[in-house]
Amino acid sequence: CFPLASRNDIRWQLDLAGGALMDAGCYPVHMLRHLVGPFAGGEPTVTEATARVRFPGVDRLTEAELRFPNGVTASLRASMWSRHLLSLRVRIHGSQGRLVAINPLAPHYYSSLRVRASAPGAPSFKERPPRSSTYLHQLDAFCDAVQHGTHFPTTTADSIANMAVIDSIYRAAGLGPRRPTGDAT
């Protein structure tokens with residue numbers, strides 16, 4: 001969640017696939033799929049979603065409840081204009097403890113990772129990641145893929161699977177999925 005006050009910003013334009021879920025929400029969807037999905041039986045389904053719009057068809061706030069195949073549940077919130085002014089965190093609560101990541105999208109600003117085990121005497125820790133931009137890491141991964149043939153971590157199939165969850169959230173919230181830019185149909 002972050003405030004985006006400018007009404008002229010392209011992220012508010014429906015014909016450019018605008019909206020809070022597309023801009024801010026794609027990250028928590030991806031994080032849930034990758035941090036929870038492998039331990040929860042695969043891809044989630046959307047059980048409930050709500051959206052508040054700022055412009056016709058363009059969400060300013062979207063919240064969703066997800067369920068993974070083994071019954072694990074998850075919640076997400078994406079906002080570009082709501083009472084949740086600034087919230088950049090991931091919280092995972094499990095049977096053996098919890099994980100909280102503060103600002104995983106821009107670790108060059110204040111960020112941290114805290115793991116607390118629930119068992120008495122089990123190790124808990126807090127770390128601060130290197131203060132480098134995620135864009136730098138993306139560029140490094142791209143350069144390694146081009147120069148050395150290194151596996152690129154985000155595949156086309158993964159992007160399509162992420163978009164399928166986003167489309168399902170939009171449908172459950174009563175909004176249509178975003179159309180490809182320039183698609184007049």
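What percentage of the 185 residues of the protein chain count as buried? The figure is 32%, where buried means under 20% relative accessible area, exposed over 50% and partly exposed in between, with a 1.4 Å probe and protein chains only.

Colleagues, a word on the basis of these values. This is a predicted model, in which local features need pLDDT of at least 70 and side-chain atom pairs count only at pLDDT 80 or more, while totals for chains, interfaces and linings use all residues. Residues are numbered from 1 along each chain as its sequence is written, and side-chain values use heavy atoms, with hydrogens and water left out.

I turn to the overall fold. The protein chain has three helices and seven strands; helices (H or I, at least four residues) and strands (E, at least two) are DSSP runs, numbered from the N terminus. Along the sequence their pattern is α-β-β-β-β-β-β-β-α-α. The radius of gyration is 18 Å, close to the 16 Å that the globule rule gives for 185 residues, so the protein chain is as compact as a globular protein of that length. That radius is taken over C-alpha atoms, and the rule is 2.2 Å times the number of residues to the power 0.38.

S1 (residues 45-55) and S2 (residues 58-67) run antiparallel and are joined by nine bridges; two strands pair if DSSP finds at least two bridges between them. Val-53 stands opposite Asp-59 in S2. Two residues lie between the strands of this hairpin, and Gly-57 takes a positive phi near 80°. S2 is in turn joined to S3 (residues 73-79) by seven bridges, again in an antiparallel arrangement. Here Glu-65 has Ser-75 as its bridge partner. The hairpin of S2 and S3 has five residues between the strands, and Gly-71 in the turn has a positive phi of about 100°.

Finally, the aromatic residues. Rings of Phe, Tyr and Trp (its six-membered ring) pair if their centres lie within 6.5 Å; planes under 30 degrees apart count as stacked, over 60 as edge-to-face and the rest as tilted. The count comes to one aromatic pair. The ring centres of Trp-12 and Phe-55 are 5.9 Å apart and their planes lie at 75°, so the pair is edge-to-face. It links distant parts of the chain, 43 residues apart: Trp-12 is in the segment before helix H1 (20-35), and Phe-55 in S1. Trp-12 is buried, with a relative accessible area of 3%.

Arg-54 lies over the face of Trp-12, at 4.8 Å from the ring centre. Arg-54 also lies over the face of Trp-81, at 4.8 Å from that ring centre. A charge sits over a ring if NZ of Lys or CZ of Arg is within 6 Å of the ring centre and within 35 degrees of the ring normal.
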